[in-house]
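Here is a short briefing to read with the model open beside you. Take a look at the structure, and then we can walk through a few of its features together.

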Amino acid sequence: MNSTTLKRETAGGQPAASTQNHNRASITKNHYSTKLNLEYLLQKTDLVELVRQSGVDLHRSGKEFRGRCPIHHGDNATAFVLYEDENEIGRWHCHTKCQRGGDAIDFVQRTRGIDFLNAVRYLAKFSGLSMEQIGFTAEMAKEQDKQRQLSALFDDAARYYVDCLAKNTVAQDY
């Protein structure tokens, strides 16, 4: 096993942290997307209904739906666009202030402020699917719990060292 393979296996199939964007949400999304059938989930999700339930008044404009952006709560009634891509997956984009876009998972993450896996759970329930139907296994649940515990441990360690640095004037002067 070479060092690149070892790095990929220890990083959950991802490149080494030094070579990637340090965005935890994208790492998690990429990690789980290789194991979950996200395309099936996204095809079964009615993005128009999901957006309407979040309080956006949508109107049809050709093949698209348009409304005010729920991300930045804009006042332009046509800036937020819903459309289907070539795989018949609902997508959205705001053409004004926030310039954000994505699929139903991204929409739920941004509007509800939740992480990737909880957004997937939310959409599965919204779409009437079980997590097993999209490939979520008990092994993945254990892995997620382990990652959550490690993340909490790292957060605690970081807080400890920040506190130590704040109290140590010699280190601050260095």
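Is R121 buried, partly exposed or exposed? With a relative accessible area of 29%, R121 is partly exposed, where buried means under 20% relative accessible area, exposed means over 50%, and partly exposed lies in between (1.4 Å probe, protein chains only).

Please keep in mind that this is a predicted model, in which local features need pLDDT of at least 70 and side-chain atom pairs count only at pLDDT 80 or more, while totals for chains, interfaces and linings use all residues. Residues are numbered from 1 along each chain as its sequence is written, and side-chain values use heavy atoms, with hydrogens and water left out.

**The chain as a whole**

- The chain has eight helices and five strands; helices (H or I, at least four residues) and strands (E, at least two) are DSSP runs, numbered from the N terminus.
- Along the sequence these elements follow the pattern α-α-α-α-β-β-β-β-β-α-α-α-α.
- Of the 174 residues in the chain, 32% are buried.
- Among contacts (heavy atoms within 4.5 Å) with a separation of 6 or more, 42% are between residues 24 or more positions apart.

- Helix α6 covers residues 116–126, and its buried residues are F116, L117, A119, V120, L123 and A124.
- Seen down the axis of α6, these buried residues fall within an arc of 155 degrees, so they line one face of the helix; the arc is that of the directions from the helix axis to the C-beta atoms.
- R121 also belongs to helix α6.
- Setting aside neighbours within four places in sequence, R121 is in contact with M131, F136 and Q144.
- Just after α6 comes G128, which takes a positive phi of about 75 degrees.

**How α5 and α6 pack**

- Helix α5 (residues 104–112) packs against α6 at an angle of about 110 degrees, with the axes 9 Å apart; axes are lines fitted to C-alpha atoms, for helices over the stretch in contact, and angles run from 0 to 180 degrees between N-to-C directions.
- The two helices α5 and α6 are therefore roughly perpendicular to each other, a label for angles of 65 to 115 degrees, with under 35 counting as roughly parallel, over 145 as roughly antiparallel and the rest as oblique.
- On the α5 side, A104, I105, V108, Q109 and R112 meet F116, A119, V120, Y122 and L123 of α6.
- The residues of this contact divide into eight nonpolar, one polar and one charged, where Ala, Val, Leu, Ile, Met, Phe, Trp, Tyr, Cys and Pro count as nonpolar, Asp, Glu, Lys and Arg as charged, and the others, Gly among them, as polar.

**Two loop residues with positive phi**

- H73 lies in the loop between β2 (64–67) and β3 (80–84).
- Phi of H73 is near 55 degrees, a positive value in a residue other than glycine.
- At 65% relative accessibility, H73 counts as exposed.
- Q99 sits in the loop between β4 (90–94) and β5 (101–103).
- Although Q99 is not a glycine, it has a positive phi of about 50 degrees.
- Q99 is partly exposed, at a relative accessible area of 47%.

**H93 in strand β4**

- H93 is found in strand β4 and counts as partly exposed at 21% relative accessibility.
- Not counting residues up to four places away in sequence, H93 touches A79, F80, V81, Q99, R100 and G101.
- L82 is eleven residues from H93 along the chain, with 6.7 Å between their C-alpha atoms.
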